[in-house]
Amino acid sequence: METEGQLKKDIGLSVAMSLVIGTVIGSGIFMKPGVVIEYAGSANLALIAWLLGGVITIAGGLTIAEVGVQIPKTGGLYVYMEEVYGKVWGYLCGWMQTIIYGPAIIGALGLYFGLLLANLFYLSEAWYLPLGIGAVIFLAVVNSYGTKYGGSIQTITTIAKFAPILLIGVLGIWKGNEQVFSSGSPVMDQLGMGAAILTTLFAYDGWMLLGFVAGEMKNPAKHLPIAIVGGLTVVTVVYMLVNVAMLKVLPPDEIVLLGTASAGKVAEILMGGVGAKIISVGILISIFGCLNGKILTFPRVPFAMAERRQLPFSHLISKVHPKWGTPVAAIVMQVILAVFLMVVSNPDYLSELAIFAIYLFYIMAFMAVFILRKRRGSLKREYSVPLYPFIPLAAIAGSLFVVVSTLLKQPIDSMWAIGVTLIGLPVYYYLKRKDSRQN
């Protein structure tokens with residue numbers, strides 16, 4: 001079996017850009033508009049939430065690009081935490097991504113895919129789960145055969161997913177007659193802007209995943225910043241376009257009541273039954289591509305941890321297939337955890353739990369720019385975040401607002417996520433003692 005140093009460097013700029021756009025644009029833009037309006041309390045505030053989510057994400061992307069270029073290793077956020085803050089923080093970050101974040105995101109996307117596919121063929125709710133699990137397993141098999149196969153799916157689905165986005169966006173703004181800027185509705189919970197922005201961040205999430213495969217990029221110093229910043233700019237513009245278009249077609253309270261079916265309803269109004277079917281297929285392709293990107297990238301975290309013997313059964317999880325050059329065991333591990341969460345939970349809960357957990361560590365990653373600049377002094381950087389220190393400070397401030405707001409509004413769920421993360425500490429020290437005894 002091969003080591004990380006022998007992972008194939010198959011990822012160029014086009015695949016890197018499609019990874020950012022493809023893993024970010026997935027289910028969120030079609031599944032979350034109603035929830036964002038409900039939490040924000042009005043269409044006006046919902047649009048502001050989507051814009052602020054994009055600003056926070058772009059500021060974060062600009063900041064992390066500098067960290068990623070200085071630490072171009074497979075593992076992404078986990079490796080950044082370890083290099084900057086030490087092994088304990090790196091371990092907790094990797095543990096959280098392995099146990100909560102990765103499986104929860106894969107599970108949520110799988111369930112959304114199963115729901116929409118079953119609805120497309122008028123199947124009962126009993127089909128949601130098996131169809132979702134089937135999609136997850138299929139993509140796991142494809143990505144086990146090599147990053148070039150998963151990368152090909154990513155590029156194709158990224159191009160294809162713009163069809164429903166452009167149709168809804170252009171036709172909605174052109175033909176819609178509703179008032180976009182309107183007041184709140186009695187059906188809305190109004191949890192606040194923090195909860196609303198947190199929900200948009202699920203739709204924006206995925207930009208960090210490119211760092212997970214930096215060790216498999218042909219030229220990370222040159223391509224990583226371009227892919228992150230360029231991809232996120234495209235995504236933000238697209239999200240604002242789609243939300244304005246949907247509000248031009250449907251009033252905000254109806255979008256809230258329709259929930260995950262609101263995008264399909266907009267398509268039906270704009271293009272009739274056949275058009276709605278076409279849009280539904282396009283949305284399925286979008287979610288499929290996003291799910292593929294997650295399955296391609298997420299297993300690189302437990303793989304990187306296992307190489308350092310920081311997980312149970314590390315000797316298996318750290319294996320690289322001698323022929324395919326992929327971490328097959330790590331992929332299998334993530335899929336097993338994802339399927340378990342799919343069975344016991346629902347997609348909305350999984351998505352919100354995952355985003356809250358990951359942003360605890362995103363804040364630390366944004367702060368790492370200041371630490372690395374102080375630590376490395378005048379060493380030449382191949383990429384520097386523009387408008388330093390204002391861009392990193394904006395990323396930190398926005399992320400802190402979301403995390404604190406979520407803690408205040410949803411304390412039980414937030415503490416559960418923190419608790420599961422902290423469970424990693426005794427596991428870390430047990431494995432460390434075990435490794436010391438063996439040595």
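1. Lys32 is buried, at 0% relative accessible area (buried is under 20%, exposed over 50%, partly exposed in between, with a 1.4 Å probe and protein chains only). Bear in mind that this is a predicted model, where local features need pLDDT of at least 70, side-chain atom pairs count only at pLDDT 80 or more, and totals for chains, interfaces and linings use all residues. Residues are numbered from 1 along each chain as its sequence is written, and side-chain values use heavy atoms, with hydrogens and water left out.

2. Where does Lys32 lie? In the loop between helix H2 (28-31) and helix H3 (33-40); helices here are DSSP runs of H or I, at least four residues, numbered from the N terminus. Setting aside neighbours within four places in sequence, Lys32 is in contact with Trp50, Tyr112, Thr199, Phe202, Asp348 and Ser351 (contact being heavy atoms within 4.5 Å).

3. Now helix H4 (residues 43-70). Its 28 residues should span 40 Å at 1.5 Å a residue, and the end C-alpha atoms sit 41 Å apart, which agrees; the expected span is 1.5 Å times one less than the number of residues. H4 is also mostly covered, with 21 of its 28 residues buried.

4. On to a helix pair: the axes of H5 (residues 77-85) and H6 (residues 87-120) come within 7 Å and cross at roughly 165°. Axes are lines fitted to C-alpha atoms over the stretch in contact, with angles from 0 to 180 degrees between N-to-C directions. H5 and H6 are therefore roughly antiparallel (over 145 degrees). On the H5 side, the contact is made by Leu77, Tyr78, Met81, Glu82 and Tyr85; H6 brings residues including Trp89, Tyr91 and Gln97.

Key:
Helices (H or I, at least four residues) and strands (E, at least two) are DSSP runs, numbered from the N terminus. Angles under 35 degrees count as roughly parallel, over 145 as roughly antiparallel, 65 to 115 as roughly perpendicular and the rest as oblique.
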